[in-house]
Amino acid sequence: MTDIMLVDDEVLALEYLKNMVDWERNGYHVVGCATSGKKALELFDRTHPQIVISDIRMPGTDGLELTRQIKEKDKETVVILLSAYRDFDYAQKGIRYGVSNYLLKHELSSELILKELEEVKEKLERAGNKKKIYQKYISTFSSLINLTLLSAFGSYGV
């Protein structure tokens, strides 16, 4: 299961998003919902979801600031921003902060969300596979260095 967190300051919009998709049936576990950026950061620190879907415009800590702070904590977390507005400046800032996508609320459907999440899941899997390969190479390289050092200095008691 892929852990996901939902964030929107409008309770009705959050409930709509929460009920729009059969999350569990599609391989996702909603670890929690938050009605503000501040609450979302606290929830993120407790649950560490792989994906965050957040409204972009919220009082206080908005979706862009939330994204920035999440990315500082974990660059691997995928953030999808939602907006009721076609605002290029927001989308541009979101891209700078590493947002996966910027979706318009009035275009949302369960099919669109699931399609987006499948693309995200594939990216996460590719990133995870790369990480495993890098870790294997680093482990092998470290072993080779240790063997070389042992053979070179082993007789000197170093």
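**Close-up views of a predicted model**

View 1. L64 is buried, with a relative accessible area of 5%; "buried" means under 20% relative accessible area, "exposed" over 50% and "partly exposed" in between, using a 1.4 Å probe and protein chains only. This is a predicted model, so local features need pLDDT of at least 70 and side-chain atom pairs count only at pLDDT 80 or more, while totals for chains, interfaces and linings use all residues. Residues are numbered from 1 along each chain as its sequence is written, and side-chain values use heavy atoms, with hydrogens and water left out.L64 sits in helix α3; helices (H or I, at least four residues) and strands (E, at least two) are DSSP runs, numbered from the N terminus. L64 and S54 are ten residues apart in sequence, and their C-alpha atoms are 9.2 Å apart in space.

**View 2. Five strands line up in an open sheet.** Follow the strands across and you get the order β2-β1-β3-β4-β5, with parallel pairing; two strands pair if DSSP finds at least two bridges between them. At the edges are β2 (28-34) and β5 (101-104), each pairing on one side only. Neighbouring strands are turned by 20° against each other on average, direction ignored. Axes here are lines fitted to C-alpha atoms (for helices, over the stretch in contact), and angles run from 0 to 180 degrees between N-to-C directions.

**View 3. Strands β1 and β2 run parallel.** Six bridges join β1 (residues 2-7) to β2. Look for I4, which stands opposite V30 in β2.

**View 4. E116 is buried yet has no salt bridge.** You'll find E116 in helix α5 (residues 110-153). A salt bridge is a side-chain nitrogen of Lys or Arg within 4 Å of a carboxyl oxygen of Asp or Glu. For E116, the nearest side chain of opposite charge is K123, 5.6 Å away; Lys and Arg count as positive and Asp and Glu as negative, with His and the chain ends not counted. Leaving aside neighbours within four places in sequence, E116 is in contact (heavy atoms within 4.5 Å) with I80, S100, N101 and L103.

**View 5. Zooming back out, the protein has five helices and five strands.** Read along the sequence, they follow the pattern β-α-β-α-β-α-β-α-β-α. Buried residues make up 37% of the 158 residues.
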